[in-house]
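The sequence and the model come next, followed by notes grouped by topic.

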Amino acid sequence: MQTLLVTGGAGFIGADFVLQARKTQWANIVNLDKLTYASNLQNLAELRGDPNYYFVQGDIGNPELVRYLLEHYQPDAIINFAAESHVDRSIFSPQDFIQTNIVGTFQLLEASRLYWQKLSSQKQKQFRFLHVSTDEVYGSLSSTDTPFREDTPYAPNSPYAASKAGADHLVRAYHHTYGLPTLTTNCSNNYGPRQFPEKLIPLTILNALDGKPLPIYGDGQNVRDWLYVADHCDALYLVLRQGQIGETYNIGGQNEQTNLAVVEKICAILDELVPQSGLRRSSLIAFIKDRPGHDRRYAIDCSKINRDLDWQPRENFDSGLVKTVQWYLSNSVWIDQVRSRAYRNWLKHNYEDRKA
Ligand code: NAD
Ligand code: TYD
């Protein structure tokens, strides 16, 4: 079985990938994660005692540590999930985004290149560096624009998107210049179990359960393309196994929704699963001051991965959203843990003084 070095595997998508990889015996996993506020080792609790899963706390930007891990575990591939991932935080404090997403990815690439260059030619051919990126690098679409393709020019608008774009360019350069066998994926918004409740869907679920306002930026008509996290991880595994070296693949849910529609759907699901007499959750919706530079619409053309790797999403949005809500309803211990003082401070910081 292959060994994969996964970075950021204690976060939302990385953890889903690691759990799937161990459950289906895709690979042995070495998980390097800095354990920032967005991570949660509870996400991986079921792997306790698994002899083919190793966790290491550390930074992708630490070249000595990464070099040690590569030499010690001799992975067949690296999947880079590690990132600062929240647009609103990138607006308040971009520094961490530059450090991890650009400098960290550079350090990881450089350590990978040095490791890869010393491998036998057979192993060099098999090695892969898969970089997990976002559709936000392409910028914003109007309602009539065609969806993002792999050859859509980059036009990032937030510090988060710009830092991911910078990382994508470095990955491209390491393939072009040194021949490092890289793959890049650009995916749309993910949702599902274990997402930190600073992002729209889990924030809405938790606030609605508490009877708190459901904050919607601007007019609520911004559009995102939502993909269930397990579908994203399936696509990543396919790209890793069968993707063409040096290529990029767009991954999306073919599921464009306005933010208002998403929040209303969550309200309807909660009203049905946990009715509260006299309360319709949609009455909690509160339109608040818009995010600066808020991208209007993202949409993904995923015909390339569909055609070349025969991938398409399996989950539909309505059933995926019900599963997601049910996961939060059944995991109150997880929720209590993430509602730390730091989390409450973030809510204050982002939402106080933001009345429409
Ligand atoms: P997340 O914020 O939930 O998790 C990120 C993880 O990376 C955390 O466990 C954190 O501790 C770790 N990390 C951060 N800095 C690190 C560092 N310097 N060294 C090692 N580990 C570090 O993010 P996510 O939503 O799981 O996203 C994973 C990746 O997928 C990111 O690269 C993100 O840009 C990309 N992506 C996310 C989405 C989405 O909708 N969430 C969509 C497309 C692409
Ligand atoms: P988010 O989950 O932060 O993902 P991204 O910014 O990467 O797309 O936000 C999804 C959409 O929801 C985005 O258009 C911003 C909007 N949004 C709100 O309206 N209210 C909120 O409280 C949050 C967190 C997001």
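Predicted model: local features only at pLDDT ≥ 70, side-chain atom pairs only at ≥ 80, totals over all residues.

An oxygen atom of ligand 2 has a polar side-chain atom of Asn259 at a distance of 2.9 Å.

**Ligand 2**

- Two further polar contacts are made to oxygen atoms of ligand 2, one from a polar side-chain atom of Asn189 at 2.9 Å and one from a polar backbone atom of Leu200, also given as 2.9 Å.
- Taken alone, ligand 2 would expose 510 Å², and the protein buries 98% of that area.
- Two or more residues of the shell around ligand 2 are given by each of α7 (200-210) and β8 (214-217), and β8 supplies the largest share, with three residues.
- The residues that surround ligand 2 number 17, and the closest are Glu136, Arg224, Arg291, His294 and Tyr351; by class, the shell divides into seven nonpolar, five polar and five charged residues.

**Ligand 1**

- Around ligand 1 there are 28 residues, of which Ile13, Asp33, Ser85, Tyr160 and Lys164 are the closest, and the shell is made up of 12 nonpolar, 12 polar and four charged residues.
- Tyr160 uses its side chain instead, placing a polar atom 2.7 Å from an oxygen atom of ligand 1.
- Of the 840 Å² that ligand 1 exposes when taken alone, the protein buries 97%.
- The elements that each give two or more residues to this shell are α1 (12-23), β5 (128-134), α6 (159-178) and β7 (189-191), with the largest share, three residues, coming from β5.

**The sheet and its helices**

- Seven strands form an open sheet with parallel pairing, in the order β3-β2-β1-β4-β5-β6-β10.
- The edges are held by β3 (53-57) and β10 (248-251), each of which has a single partner strand, so one side of each is left without a neighbour in the sheet.
- Direction ignored, neighbouring strands of the sheet are turned by 20 degrees against each other on average.
- Within the sheet, β1 (residues 2-7) and β4 (residues 77-80) pair in the parallel sense over four bridges, and Thr7 stands opposite Asn80 in β4.
- Helix α1 lies across β1, β2 (27-33), β3 and β4, running at about 160 degrees to β2, while α6 lies across β5 and β6 (182-187), at about 155 degrees to β5.

Terms used
Residues numbered from 1 in each chain as written. Chains lettered and ligands numbered in written order. Heavy atoms only, no water. Near = heavy atom within 4 Å. Polar contact = N/O pair within 3.5 Å; in protein donor to acceptor, adjacent residues only side chain to side chain. Areas by Shrake-Rupley, 256 points an atom, 1.4 Å probe, with all protein chains shown as cover. Nonpolar A, V, L, I, M, F, W, Y, C, P; charged D, E, K, R; others polar. Pairing = 2+ DSSP bridges. Axes fitted to C-alpha atoms, helices over the stretch in contact; angles between N-to-C directions. Contact = heavy atoms within 4.5 Å.
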